[in-house]
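Thanks for coming. I have one model to show, and I will keep to what can be computed from its atoms.

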Amino acid sequence: MSNPSSSWPWPDSLDALVAAPDHHDLVLEDHRMRVIITHIPPGNLVPLHTHRWPGVAYLLSASHFIRRDEHGNVLLDSRKDDPPKALHAQWLDPLPPHTVENVGDAEIRIYIVELKSDA
């Protein structure tokens with residue numbers, strides 16, 4: 001697995017823990033990985049942020065959401081697909097600058113295990 005951090009074009013100030021601390025909590029971090037819990041109450045808009053490393057996202061609770069890029073263009077509107085399912089794991093590629101808006105009636109809670117390198 002390659003480590004995209006060396007070629008990551010966005011500033012550290014857009015990292016999820018820095019740019020959107022009200023919605024991301026650090027659980028554990030070392031040189032190999034970082035574990036974050038994301039929580040987005042209904043009606044909340046998570047400020048513009050990035051996720052630098054790929055990893056696994058485990059949805060603890062789900063709700064409909066809209067993901068937009070840094071220009072406000074809709075990247076994903078979950079209301080147009082099957083509803084998100086809680087207790088579900090999925091691969092997460094690195095995410096460039098984006099916002100997430102919870103447009104459903106339940107809190108979104110996700111554990112994310114980001115993989116920093118092969119080490």
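First, the ground rules. This is a predicted model, with local features needing pLDDT of at least 70 and side-chain atom pairs counted only at pLDDT 80 or more, while totals for chains, interfaces and linings use all residues. Residues are numbered from 1 along each chain as its sequence is written, and side-chain values use heavy atoms, with hydrogens and water left out.

Let me start inside. In soluble globular proteins, nonpolar side chains tend to be buried together. A nonpolar core here is a set of buried Ala, Val, Leu, Ile, Met, Phe, Trp, Tyr and Cys residues joined through side-chain atoms within 4.5 Å. Buried means under 20% relative accessible area, exposed means over 50%, and partly exposed is in between, with a 1.4 Å probe and protein chains only. The largest such core has 12 residues: Ala-20, Ile-40, Val-46, Ala-57, Leu-59, Phe-65, Leu-92, Leu-95, Val-100, Ile-108, Ile-110 and Ile-112. Which strand gives the largest share of the core? That is strand 9, with 3 residues. Strands, for the record, are DSSP runs of E of at least two residues, and helices are runs of H or I of at least four, numbered from the N terminus.

Ile-112, in strand 9, is buried at 5% relative accessible area. Contact means heavy atoms within 4.5 Å. Not counting residues up to four places away in sequence, Ile-112 touches Arg-34, Val-35, Ile-36, Thr-38, His-51, Val-56, Ala-57 and Leu-92. Ile-40, with the neighbours within four places left aside, is in contact with His-23, Val-46, Val-100, Asn-102, Ala-106, Glu-107 and Ile-108.

Now to strand 3. Thr-50 lies in this strand, residues 45-51, and is buried at 1%. Beyond four places in sequence, the contacts of Thr-50 include Trp-8, Trp-10, Leu-14 and Leu-95. His-49 is also found in strand 3, buried at 2%. Among the contacts of His-49 are Leu-14, Ala-16, His-24 and His-98. The C-alpha atoms of His-49 and Val-18 are separated by 8.2 Å, though the two are 31 residues apart along the chain.

His-49 also makes polar contacts. The term means a pair of N or O atoms within 3.5 Å; within protein, one must be able to donate a hydrogen and the other to accept it, and residues adjacent in sequence count only if both atoms are side-chain atoms. The side chain of His-49 reaches the backbone oxygen of Pro-47 at 2.8 Å, and a 3.3 Å contact joins the side chains of His-49 and His-51.

Next, charge pairs. A salt bridge is a side-chain nitrogen of Lys or Arg within 4 Å of a carboxyl oxygen of Asp or Glu. How many salt bridges does this rule give? The count comes to 7. Asp-12 pairs with Arg-52, the closest N and O atoms being 3.0 Å apart. Asp-12 lies in the segment before helix 1 (16-19) and Arg-52 in the loop between strand 3 and strand 4, so the pair ties together parts 40 residues apart in sequence. Asp-12 is exposed at 51%, whereas Arg-52 is buried at 16%.

Glu-101 forms a salt bridge with Arg-68 at 2.8 Å. That pair links strand 8 to strand 5 (residues 65-69), 33 residues apart. Asp-15, Arg-34 and Glu-114 are linked in a network of salt bridges.

Last, the surface. Val-27, Leu-28, Tyr-58, Leu-60, Leu-87 and Tyr-111 make a nonpolar patch of about 520 Å². Patches are made of residues with over 30% relative accessible area and no salt bridge, like charges being joined within 9 Å and nonpolar side chains (Val, Leu, Ile, Met, Phe, Trp, Tyr) within 5 Å. Areas come from the Shrake-Rupley method with a 1.4 Å probe; for residues, only the protein chains shown count as cover. Strand 1 (24-29) and strand 4 (55-61) each supply at least two patch residues. Val-27, in strand 1, is partly exposed at 45%.
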